[in-house]
Amino acid sequence: MTILIKNANEVITLKDHVQGPRTKEQMRDIAIVENGSVLIEDNRIVAVGAFEQLVVDFPDFIKNAELVDAAGKVVMPGLVDCHTHLVHGGTREQEFNMRLNGSTYMEIMNAGGGIHATTKRTRETSFEQLYKKTMQHLDVFLKHGVTTVEAKSGYGLDWETEKKQLEVAKKLQETHSVDVVSTFMGAHAVPRDYKGHEDDFVELVIQEMLPKVAELELAEFNDVFCEKGVFTPEQSRRILEAGKARGLTPKIHADEIEPYKGAELAAEVGAISAEHLLVASDEGIQQMAEAGTIAVLLPGTAFFLRAPFARGRLMIDEGVPVAISTDFNPGSSPTMSLPFIMNLACMHMGMTLEEVLTATTINAAYAINRGAQIGSLEADKQADVILLDVANYKQLQYFYGMNHTNTVIKNGRIVVQNGILLEQEH
């Protein structure tokens with residue numbers, strides 16, 4: 001199938017000149033083609049440029065193409081949400097009310113709420129129920145212009161439930177239009193029955209869970225929650241190094257609630273990304289910049305928990321490649337609106353309009369090792385393209401708290417049109 005997206009006000013190509021995640025002023029180079037068109041053949045991009053030039057260069061393609069009129073619209077790569085806890089049972093709105101009445105995140109967790117509450121619900125929820133619920137979540141992501149999602153496990157804390165979460169994500173990767181990239185996070189919390197015996201649980205993750213994840217090819221990445229009261233830097237290092245030995249690329253939840261040298265650990269173990277980083281130290285930020293570790297910042301979590309926002313402006317200025325994500329989860333960021341997260345990054349982390357576009361496309365793609373395939377509009381890349389009902393890219397953040405997505409083309413196929421989700425092959 002051939003598609004020609006014709007005469008957009010702006011095509012934001014984010015052409016990947018640097019062949020890697022962008023840093024500093026590179027994050028502002030979004031490579032706009034005015035009055036541009038995009039030619040797609042099957043699931044790949046053929047060319048981006050002026051319509052008149054595409055007619056000259058690709059007459060046979062143009063002759064048979066389905067035309068998509070983008071006049072008055074902005075066209076850009078599909079959004080990449082590179083940090084979610086997509087597969088989970090239940091909701092936790094009661095904890096939201098508790099926080100509004102003064103309880104802290106760790107107080108709620110220590111009282112049996114937080115991750116433990118979701119773990120209980122996820123263990124009780126069947127595969128079929130989780131699959132159906134998560135399918136609905138992916139539909140919402142897609143309608144907001146998100147074409148690739150990372151999905152972490154971590155609400156099992158036992159092998160059977162962790163496996164169930166990962167298998168749900170794997171099936172959705174096969175059946176849903178959105179690409180789902182899996183991360184194993186067996187070390188998301190210490191189970192209640194291992195309190196006082198945390199090292200025993202670390203050994204369970206290392207000796208029993210990680211080998212099975214690798215053998216069954218259920219995940220590409222291995223994540224750990226390095227935080228006081230959860231896993232120490234030394235325990236986190238052991239888990240991440242064990243994952244590396246099994247072929248799983250390390251990620252790390254770092255410095256979310258208290259400074260704990262998580263950013264430094266990420267740089268030390270060669271993690272592809274460190275995530276959260278609300279209270280990362282100056283030293284940790286500098287070490288991440290030197291190591292090329294991507295900072296995946298989650299302003300929705302800070303917003304929902306009413307916590308200090310990560311120092312996104314400083315990280316960019318210091319040379320850290322920055323991505324941003326929803327952190328969609330039932331406790332600390334129950335949103336599937338990456339466009340709103342982009343608003344928050346501008347308003348509360350000092351990021352520019354151009355930087356948030358980079359952070360949710362090409363840099364987010366590199367944070368899940370997909371930068372060579374997605375995240376920019378250029379020849380031979382996967383045809384993940386969105387059309388937005390705004391006259392120029394500056395309006396995306398100016399009109400905040402709104403979903404501007406009109407059309408989504410995923411793998412060369414129109415899956416959302418005029419804001420309406422077309423029938424999926426579930």
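Where is the place of Ser332? In this predicted model, Ser332 sits in the loop between β13 (322-324) and α14 (338-348). Its relative accessible area is 6%, so Ser332 is buried. Leaving aside neighbours within four places in sequence, Ser332 is in contact with Tyr105, Gly300, Thr301, Phe304, Leu305 and Asp327.

An unreviewed UniProt entry lists Arg92, Tyr155, His188, Glu256 and Ser332 under "binding site". Take Glu256 next. Glu256 lies in the loop between β10 (249-254) and α10 (262-269). With a relative accessible area of 7%, Glu256 is buried. Beyond its neighbours within four places in sequence, Glu256 is in contact with Phe225, Glu227, His276, Leu278, Val279, Thr301 and Leu305. Thr301 and Leu305 are among the contacts of Glu256, and Thr301 and Leu305 are also among the contacts of Ser332.

The unreviewed UniProt entry also places the feature "binding site" at His83, His85, His253 and Asp327. These residues span 245 residues in sequence, yet no two of their C-alpha atoms are more than 12.2 Å apart, so they gather at one spot.

His83 shows that spot from the inside of the contact list. The place of His83 is in the loop between β6 (79-81) and α3 (93-100). His83 has a relative accessible area of 0% and is buried. Apart from neighbours within four places in sequence, His83 is in contact with Glu150, Lys152, His253, Glu275, His276, Val296, Leu298, Ser325, Thr326, Asp327 and Phe328. Two of these names, His253 and Asp327, come back from the UniProt feature. Asp327 is one of the contacts of Ser332, and His276 is one of the contacts of Glu256.

Now turn to a pair of helices. Two packed helices are described by the angle between their axes and the distance between the axes. The axes of α6 (residues 127-143) and α7 (residues 159-175) come within 10 Å and cross at roughly 50°. That angle makes α6 oblique to α7. The crossing of α6 and α7 is right-handed.

Which residues meet in this pair? From α6 come Phe127, Leu130, Tyr131, Thr134, Met135 and Leu138. From α7 come Lys164, Glu167, Val168, Lys171, Leu172 and Thr175. The residues of this contact divide into seven nonpolar, two polar and three charged.

Terms used
Residues are numbered from 1 along each chain as its sequence is written. This is a predicted model: local features need pLDDT of at least 70, side-chain atom pairs count only at pLDDT 80 or more; totals for chains, interfaces and linings use all residues. Side-chain values use heavy atoms; hydrogens and water are left out. Axes are lines fitted to C-alpha atoms, for helices over the stretch in contact, and angles run from 0 to 180 degrees between N-to-C directions. Helices (H or I, at least four residues) and strands (E, at least two) are DSSP runs, numbered from the N terminus. Angles under 35 degrees count as roughly parallel, over 145 as roughly antiparallel, 65 to 115 as roughly perpendicular and the rest as oblique. A crossing is left-handed if the near helix is turned anticlockwise from the far one by less than a right angle, and right-handed if clockwise. Contact means heavy atoms within 4.5 Å. Ala, Val, Leu, Ile, Met, Phe, Trp, Tyr, Cys and Pro count as nonpolar, Asp, Glu, Lys and Arg as charged, and the others, Gly among them, as polar. UniProt positions are given in the numbering used here, feature names are shortened, and annotations may be inferred rather than shown by experiment. Buried means under 20% relative accessible area, exposed over 50%, partly exposed in between (1.4 Å probe, protein chains only).
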